[in-house]
Amino acid sequence: MNPLILALIKGILIPELVAYIQKRQAEGKPITEAELAAEFDARITRIVATGETWLAEHPA
Amino acid sequence: MRSRRPDLAPFVALFIALAFLASACHAPITITTPQGKVIYAANEVAKRIENLQTTVIAAEASKGIPTDVARVLVTFTVESAKVLRVVPQGWQVTVAVAWGEAKKQIPLKYLNDPTIQVAVLAVDTVLAVWLPVTTGGGL
């Protein structure tokens with residue numbers, strides 16, 4: 001099989017499918033807007049902290 | 001005798017990928033307020049940007065891509081995250097333009113490198129999904 005197709009399946013299709021199934025399963029335990037906002041804030045903080053640390057360790 | 005029919009597999013895979021990503025356009029039924037839907041959209045984009053950052057850092061560490069290339073992409077992830085935090089309701093054009101500028105700085109062979117290709121494609125796709133139609137979706 002074409003390596004690009006394999007990469008698409010492994011990198012996008014499977015994670016998206018898992019996320020979709022989890023989302024459907026979670027319908028009985030719905031995420032609140034407050035939880036979503038907290039998740040978003042935590043993710044952004046993580047991206048900035050990780051990225052700035054890496055950039056400081058790899059200066060131009 | 002082998003058929004001369006064009007190989008549609010890449011297009012089918014891309015269609016399925018787009019379909020799954022497009023499903024991210026619909027917030028869960030519990031997210032009802034406009035503000036909640038804004039945060040949901042921004043969070044979906046942030047997920048792909050975080051995945052790109054993780055992938056790029058790992059690819060650089062394993063010498064899959066040069067440090068200079070990784071620096072461009074990691075800088076994009078940090079700056080985009082800051083934009084998402086400050087203007088979660090209006091990040092689209094800023095992030096899409098920054099993504100286009102970042103990609104211009106990177107030789108195609110690295111954008112197509114198997115170690116980061118899927119993460120790059122995921123950002124391309126999620127931005128295309130969430131970019132307002134009025135901008136022409138130009139990436």
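Entry 1. I began inside chain B of this predicted model, with the contact of H3(B) and H4(B). On the H3(B) side I listed B:Val72, B:Leu73, B:Phe76, B:Glu79, B:Ser80 and B:Val83. They meet B:Thr94, B:Val95, B:Ala98, B:Trp99 and B:Ala102 of H4(B). Sorted by class, the residues of this contact are eight nonpolar, two polar and one charged.

Entry 2. I then looked up the axes of this pair. H3(B) covers residues 67–86 and H4(B) residues 92–104. Their axes come within 10 Å and cross at roughly 175 degrees. Angles over 145 degrees count as roughly antiparallel, so H3(B) is roughly antiparallel to H4(B).

Entry 3. Next I turned to the two chains. I found 34 residues of chain A in contact with 36 residues of chain B. On the chain A side, the elements that give two or more residues are H1 (3–25) and H2 (33–57). H2(A) gives the most, with 15 residues. The chain A side divides into 21 nonpolar, six polar and seven charged residues.

Entry 4. Which helix of chain B has an axis that comes within 9 Å of the axis of H2(A)? I noted H2(B), residues 34–61, with a crossing at roughly 30 degrees. Angles under 35 degrees count as roughly parallel, and H2(A) and H2(B) are therefore roughly parallel to each other. I recorded the crossing as left-handed.

Entry 5. I listed the residues where these two helices meet. H2(A) brings, among them, A:Leu36, A:Phe40, A:Ile44, A:Ile47 and A:Trp54. H2(B) brings residues including B:Ile39, B:Tyr40, B:Ile49 and B:Ile57. This contact has 12 nonpolar, five polar and five charged residues.

Conventions: Residues numbered from 1 in each chain as written. Chains lettered and ligands numbered in written order. Predicted model: local features only at pLDDT ≥ 70, side-chain atom pairs only at ≥ 80, totals over all residues. Contact = placed C-beta atoms within 7 Å. Helix = DSSP H or I, 4+ residues; strand = E, 2+ residues; numbered from the N terminus. Nonpolar A, V, L, I, M, F, W, Y, C, P; charged D, E, K, R; others polar. Axes fitted to C-alpha atoms, helices over the stretch in contact; angles between N-to-C directions. Parallel < 35°, antiparallel > 145°, perpendicular 65-115°, else oblique. Left-handed = near helix turned anticlockwise from the far one by under 90°.
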